[in-house]
Amino acid sequence: MTIPKIGIVSLGCAKALVDSERILTRLRAEGYDISDSYDGADVVVVNTCGFLDSARAESLEAIGEAMNENGRVIVTGCMGGEEDVIRKAHPDVLAVTGPHQYQQVVDAVHQAAPPESSPLHSLVPPEGLHLTPSHYAYLKISEGCNHRCSFCIIPGIRGDLASRPVGEVLEEAERLAMAGIKEILVISQDTGAYGLDIKYAESPWHGRAVKARLTEMAEALGDLGVWTRLHYVYPYPHVDEVIPLMAAGKILPYLDIPFQHASPKVLKAMRRPADHERLLERINGWREICPDLAIRSTFIVGFPGETEEDFEFLLDWLQQARIDRVGCFKYENVAGAAANHLADHVDEDVKEERYNRLMEVARQISDEISKGKIGKTIEVIIDEVDEDGAYGRSWADSPEVDGCVYINHETDAQPGDVVMVEVEHAEDFDLWGRIVATAPERKRRF
């Protein structure tokens with residue numbers, strides 16, 4: 001009997017990665033094998049990104065590569081809603097489905113490479129299959145978004161906010177923890193809004209009722225004894241409530257808040273909240289409660305109508321807020337976005353120059369914060385070990401997007417180990433140090 005093999009190419013954000021993991025888990029449960037190459041796959045699934053025009057171009061290129069290397073391709077994901085565009089570029093793809101249409105993808109795979117046997121659920125571990133390393137995993141708590149930012153088309157692609165029941169979220173998280181996952185990264189389009197659409201409905205959880213609300217969910221996740229990291233948290237007033245949980249060690253003192261800009265004029269054009277002074281007060285208040293708090297944010301430079309004065313305002317705000325980790329995008333039009341029609345689009349050379357200036361300010365801020373950790377002992381999760389040593393991340397570093405902690409000549413550690421590292425050197429976004437102890441085990445209530 002020949003077992004059909006599935007290859008997958010996953011593009012875009014961590015939320016799309018979770019979608020890819022769900023597809024693989026479903027297919028593996030039905031007896032399919034997973035191929036890590038085009039040559040070995042009976043069919044290739046390409047999970048596309050459609051957020052920016054550059055991402056759409058990358059998706060079309062990835063589809064083309066899969067067609068050239070394999071020829072039997074199913075397309076899904078955020079760009080899947082543009083089947084006419086995809087088929088114009090690649091008319092011979094087997095099927096095209098939209099975002100989080102898991103059953104349609106599985107049905108298309110059945111057509112292309114029928115399973116040889118009935119479902120064998122024992123082939124899938126209880127925590128499902130993951131495309132991340134074995135010691136951390138993303139936990140998606142909702143789909144969609146209720147905001148209508150002028151530069152974004154995500155609500156048009158993924159719809160309005162649709163929260164998962166909190167009991168379902170916590171059960172998945174517990175399965176991950178029981179399987180040995182050491183770090184859970186909570187993601188969604190709008191994590192702070194979690195539960196709003198289902199009126200914060202309660203679910204039973206180990207003898208108590210838990211609301212489908214950010215604070216209560218985070219507190220329950222903190223009982224699992226693993227690192228819990230919050231991403232994509234819109235700064236609603238109730239976000240203040242999770243800071244004491246961080247100070248108490250229940251969840252990591254890390255907040256990913258996409259501020260996007262600071263100039264009130266630009267934020268208004270973006271259809272974003274524009275109370276920058278109040279935000280500074282809140283950030284300062286958060287740090288008084290939790291001095292170790294690391295804040296990550298993303299910003300857009302070169303938004304239509306952004307003047308040099310607006311940009312200088314952003315730089316000044318960034319220095320006052322002392323954002324620990326910064327990502328930056330140069331504005332680009334996205335098909336269907338309202339911002340495309342705004343006046344006074346910024347020249348590409350100016351965008352590039354502003355991008356470089358902002359990232360240099362961000363580097364300087366991070367360098368100062370990093371150097372302040374020299375001589376301190378911090379908790380680090382190990383990501384990789386080779387013949388030269390090990391590297392991992394502190395509470396201030398999310399995988400792929402933030403800095404690293406390097407431990408030269410350390411070859412005895414294992415990925416997933418949580419250790420105490422004395423910081424000996426710091427530069428820009430990264431730290432160097434030596435392991436001085438194993439980190440105290442986090443308490444697990446259940």
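The structure is a predicted model, in which local features need pLDDT of at least 70, side-chain atom pairs count only at pLDDT 80 or more, and totals for chains, interfaces and linings use all residues. Residues are numbered from 1 along each chain as its sequence is written, and side-chain values use heavy atoms, with hydrogens and water left out.

Helices here are DSSP runs of H or I with at least four residues, strands are runs of E with at least two, and both are numbered from the N terminus. Helix α11 (residues 308-321) packs with helix α12 (residues 348-371) at an angle of about 15 degrees, and their axes are 10 Å apart. Such axes are lines fitted to C-alpha atoms, for helices over the stretch in contact, with angles running from 0 to 180 degrees between N-to-C directions. That angle makes α11 roughly parallel to α12; angles under 35 degrees count as roughly parallel, over 145 as roughly antiparallel, 65 to 115 as roughly perpendicular and the rest as oblique. On the α11 side, the contact (heavy atoms within 4.5 Å) is made by E308, F311, E312, L314, L315, L318 and Q319. The α12 side supplies R354, R357, L358, V361, A362 and I365. By class, this contact of α11 with α12 has 8 nonpolar, 1 polar and 4 charged residues. In this scheme Ala, Val, Leu, Ile, Met, Phe, Trp, Tyr, Cys and Pro count as nonpolar, Asp, Glu, Lys and Arg as charged, and the others, Gly among them, as polar.

Helix α1 (residues 14-29) and helix α4 (residues 102-112) pack at an angle of about 45 degrees, again with axes 10 Å apart. The two helices α1 and α4 are therefore oblique to each other. Their contact brings together D19, R22, I23, R26 and L27 of α1 with Y102, Q103, V105, V106 and V109 of α4. By class, 6 nonpolar, 1 polar and 3 charged residues make up the contact of α1 with α4.

Rings of Phe, Tyr and Trp (its six-membered ring) pair if their centres lie within 6.5 Å, and planes under 30 degrees apart count as stacked, over 60 as edge-to-face and the rest as tilted. The rings of Y234 and Y236 are a tilted pair, because their planes stand at 45 degrees, with centres 5.0 Å apart. Both Y234 and Y236 are buried, where buried means under 20% relative accessible area, exposed over 50% and partly exposed in between (1.4 Å probe, protein chains only). Y391 and Y406 also form a tilted pair, with ring centres 5.8 Å apart and planes at 45 degrees. This pair links distant parts of the chain, as Y391 is in strand β17 (residues 389-394) and Y406 in strand β18 (residues 405-408), 15 residues apart. Y391 is partly exposed at 27% relative accessibility, and Y406 is partly exposed at 28%. Elsewhere, F151, F303 and Y331 form one aromatic cluster.

Finally, two loop residues deserve a look. Most residues other than glycine have a negative phi. Q260, however, has a positive phi near 75 degrees; Q260 lies in the loop between β13 (254-256) and α9 (264-270) and is buried at 10% relative accessibility. E400 has a positive phi of about 75 degrees, lies in the loop between β17 and β18, and is exposed, with a relative accessible area of 74%.
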